[in-house]
Amino acid sequence: MSSAPDADHCDAGTIMADVLSKGRESCYKARDAFYACVEKHADKKPTEIATMGLLFPADCKKSRAQYVSSCRPSWVRHFDRQHCAKKRVQRLLDGDDDGRGPMSLPQPYTFKQ
């Protein structure tokens, strides 16, 4: 019996490389590069589908592939969900509709005593 863990068995003492500092750093760099590409090409029609309903332009396929290969799938889904939520909130705040955007709170009433 060999002491090396096989691919199907995860030993409790095994440390996954992507949770180490260097792995996280490379994941975050790839994530930031992908979202920077998405912002840079925001004027182009998004034709590619990612996770969590995220659409992105074809110009960002290479950075998306790097991002997906550098990060755990659960992290990619989390970051995509987070990005979509931020965009949704930004659209609501920037909207021209009167029902959207920051609310103006009523002034406090002053009561005479």
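The exercises below treat the helix packing of a predicted model.

Residues are numbered from 1 along each chain as its sequence is written, and side-chain values use heavy atoms, with hydrogens and water left out. Local features need pLDDT of at least 70 and side-chain atom pairs count only at pLDDT 80 or more, while totals for chains, interfaces and linings use all residues.

**Exercise 1. State which elements the protein chain has and in what order they run.**

Step 1. Helices (H or I, at least four residues) and strands (E, at least two) are DSSP runs, numbered from the N terminus. The protein chain has three helices and two strands.

Step 2. Read from the N terminus, the order is α-β-β-α-α.

Step 3. Burial is stated by relative accessible area: under 20% is buried, over 50% is exposed, and in between is partly exposed (1.4 Å probe, protein chains only). On this scale 22% of the 113 residues of the protein chain count as buried.

Step 4. Contact means heavy atoms within 4.5 Å. Among contacts in the protein chain with a separation of 6 or more, 48% come from residues 24 or more positions apart.

**Exercise 2. Determine which residues of helix α2 are buried and where they lie around the helix.**

Step 1. Helix α2 covers residues 61-70, and its buried residues are Ser63, Arg64, Tyr67 and Ser70.

Step 2. Seen down the axis of α2, these buried residues fall within an arc of 135°, so they line one face of the helix. The arc is that of the directions from the helix axis to the C-beta atoms.

Step 3. The partners of the buried residues of α2 are α1 (21-40), β2 (55-56) and α3 (73-94).

**Exercise 3. Describe the packing of α1 with α2 by axes, handedness and residues.**

Step 1. Two packed helices are described by the angle between their axes and the distance between the axes. Here axes are lines fitted to C-alpha atoms, for helices over the stretch in contact, and angles run from 0 to 180 degrees between N-to-C directions.

Step 2. The axes of α1 and α2 come within 8 Å, crossing at roughly 155°. Angles under 35 degrees count as roughly parallel, over 145 as roughly antiparallel, 65 to 115 as roughly perpendicular and the rest as oblique. The two helices α1 and α2 are therefore roughly antiparallel to each other.

Step 3. The crossing of α1 and α2 is left-handed. A crossing has this hand if the near helix is turned anticlockwise from the far one by less than a right angle, and is right-handed if clockwise.

Step 4. From α1, the residues in the contact are Gly23, Ser26, Cys27, Ala30, Arg31, Ala33, Phe34, Tyr35 and Cys37; from α2 they are Ser63, Arg64, Gln66, Tyr67 and Ser70. By class, this contact of α1 with α2 has seven nonpolar, five polar and two charged residues. Ala, Val, Leu, Ile, Met, Phe, Trp, Tyr, Cys and Pro count as nonpolar, Asp, Glu, Lys and Arg as charged, and the others, Gly among them, as polar.

Step 5. Ala30 of α1 is buried, with a relative accessible area of 6%. Apart from neighbours within four places in sequence, Ala30 is in contact with Gln66, Tyr67 and Ser70. Ala30 and Ser70 are 40 residues apart along the chain, and their C-alpha atoms are separated by 6.8 Å.

**Exercise 4. Describe how α3 packs with α1 and with α2.**

Step 1. α1 and α3 pack at about 35°, their axes being 12 Å apart, and their crossing is right-handed.

Step 2. In α1, Arg24, Cys27, Tyr28, Arg31, Tyr35, Val38 and Glu39 meet Trp75, Phe79, Asp80, His83 and Lys87 in α3. The contact of α1 with α3 divides into six nonpolar, one polar and five charged residues.

Step 3. His83 of α3 counts as buried at 13% relative accessibility. Not counting residues up to four places away in sequence, His83 touches Tyr35, Val38, Glu39 and Leu54.

Step 4. The axes of α2 and α3 come within 8 Å and their crossing angle is roughly 130°, so α2 and α3 are oblique to each other.

Step 5. Arg64, Tyr67 and Val68 in α2 meet Trp75, Val76, Phe79 and Asp80 in α3. The contact of α2 with α3 holds five nonpolar, no polar and two charged residues.
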